[in-house]
Amino acid sequence: MRRVLTFLLMFAVAGSARAQIRPVRSHLQAGATSAVPAAITALKTRLSAMQATNAVGDNVYVGSELCLACHNGKLTTGEASWRDTQHAAAYIRPMTQWTLVPGKGVLAASLGKATDDFIQGLDFNAISSPFDQYKPNAPKLSVKNGTYTITVGQLDLPVVFIKQWRFTSGVWEQLFGVRVPVSDSPTGKTEAVYSSPLFYASDAGWQTYTPEAYYDTNNQPRYGAGATTGTVVANCESADQNCVGCHATGVRSITQNARGEWVFKGFVAYLYKPDDPSYFDYDGDGNFKLMNIGCESCHGPGGQHILGEGDPAKIVNPDKLDAKSANDVCGQCHAVVASSPTGAIGWPYDETTKTSWIPGSSTPLQSYYTDGEVWWPDGKTGMDTSQYPEFYKSTKPTYQFHQVRCTECHDPHENAQAGQIVTQIVDAQTKLTIPTRVEDNTLCLACHATHGQNTSADFSKITKDMVAAYADSRTAIGAIVEQHTHHPYGPERTMGLSRCTTCHMAMTQGPDGALSLHGHTFEAISPQKTLKYQDQDGMPNSCALSCHATKVNSFDLGLDPDLHVWNAQFDKDLANALVKYYGPNGLWWNVDVDKQP
């Protein structure tokens, strides 16, 4: 019999040391689905006993596997929907069996071998790379006793997890979380996990990541045999303090130890597959944790729901919340914020009550955080904000036809399209099912069809039926959209001509300054803003970002060599050329940002 599931009945409640249960393992046969309800029954017995002694509160997280055991709808079809989203696998433990498998394993294969660079033993001292200045102490990669390891100088940094992104362009980036050897810790390593000095991008290869955290001004390793935790805390980026609260299902606790580290404790995974890399022992106590964005991250803790025999009143359904409360479910992570009131923790967290915000809470999300967003000079376009705060600077939350929700465009449960874009929208009035894609504008037109515009284009002539039958209506739709864009209609092409998102959701921000995330103000950013804010180093505009600075030399100015600079002569010349068309008093549009609210 093949062991496919491990059932860990060990539990700890936030802020309480009373609720400890001895681990019990359940070896379930492949296909033995009847054993899962038995596991749920056993869990209910444990939780009931704990509740009777007041050892468990309302906020008990049990894990997505137990949710899926009962909810046998689309989420479990082939185990290929929620499990295949970035929600489920933003943090993974590196395992040799998943080498080079997208979403599950290390993807770096710069040596051109059949296995990843760690397995191959890549030594940056032996090749030319961005780490040349640190030779002969440049990083070395290896797998030691099954543990992926980064060696800097004489010290081995065991990799605890990979933090990974999959951008809509198809590019993957992977950053590695490590523990650092120190002399003042009982284990000989830091208790918290820290970012390593390197990351891998599938389009650019190995890159440095804050190397100054590991190398001094003489390019020598900061940490030797006598290194202390305080030195690491002072220099390295802590995943415990800044990141993991948005990459785990539930926060059991976050406390500062005697050596100055913020240490995260997550909830124990009751049920998981041993070969699933999205579950692992984050905090080093010997138990796998509920890592990543699981069901309860959005629906709230499920312990009372299980004790209540599936009582729907004891779990949160975001669809039944008002629009703001539902959007807050997404906003708890899709925002650059820090804890309240001092900002010590890098996610919504009340330092006074020592609690994180929970979906469906009667207390507003904003009470749990202090702002950390960074904006371009207009104060509206995000430079480092994530999507939620930008969205609430747009007109969508007060849209005249209805208050827009994040889940109208994004499906939290599946990744059938890049960005977890929904594959269909059901019109509320007609009940018509409209297939949706970004690339052919049907995602936007599914809602905006029938709504007139204050331009030369009359969108009221585009019906929902036309959008639903897009292939048959493309010519008619294209003619109307062209009147609005003044560009040929070719949204499906690489150029994205007259694609709604090309203009209204240009990429203005992203990790490490990379312009890789779509803006969510839904504003076609005017070239007038590039000129208006020259005394603040300028800012990007949609026309330049999406096409005219990067893809097409329409004005004989060439192409922009650096999209991070917006006050160079090229940027001013291009903006002046574009303003003649966009406005104020443009040939095609009459947009004046000084007269906008």
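This is a predicted model: local features need pLDDT of at least 70, side-chain atom pairs count only at pLDDT 80 or more; totals for chains, interfaces and linings use all residues.
Local features need pLDDT of at least 70 and side-chain atom pairs count only at pLDDT 80 or more, while totals for chains, interfaces and linings use all residues. Residues are numbered from 1 along each chain as its sequence is written, and side-chain values use heavy atoms, with hydrogens and water left out.

Three cavities of 30 Å³ or more are present. A cavity is a set of points, on a 1 Å grid over the protein atoms alone, where a 1.4 Å probe fits but cannot get out, and its lining residues have an atom within 4 Å of a point. A volume is the space filled by probe spheres set on the points.

The largest cavity has a volume of about 50 Å³. Its lining includes Y91, K163, F176, E237 and C243. Two or more lining residues come from each of the strands β5 (155–166), β6 (172–178) and β7 (194–201), strands being DSSP runs (E, at least two residues) numbered from the N terminus. The most, three residues, come from β6.

The second largest cavity holds about 40 Å³. Among the residues lining this cavity are T381, E390, H504, F522 and I525.

F176 touches (heavy atoms within 4.5 Å) residues including F118, I150, F161, Y194 and W206, not counting residues up to four places away in sequence.

Notes
On a 1 Å grid over the protein atoms alone, a cavity is a set of points where a 1.4 Å probe fits but cannot get out, and a pocket is an open set with protein on both sides within 12 Å along at least five of seven lines; lining residues have an atom within 4 Å of a point. Helices (H or I, at least four residues) and strands (E, at least two) are DSSP runs, numbered from the N terminus.
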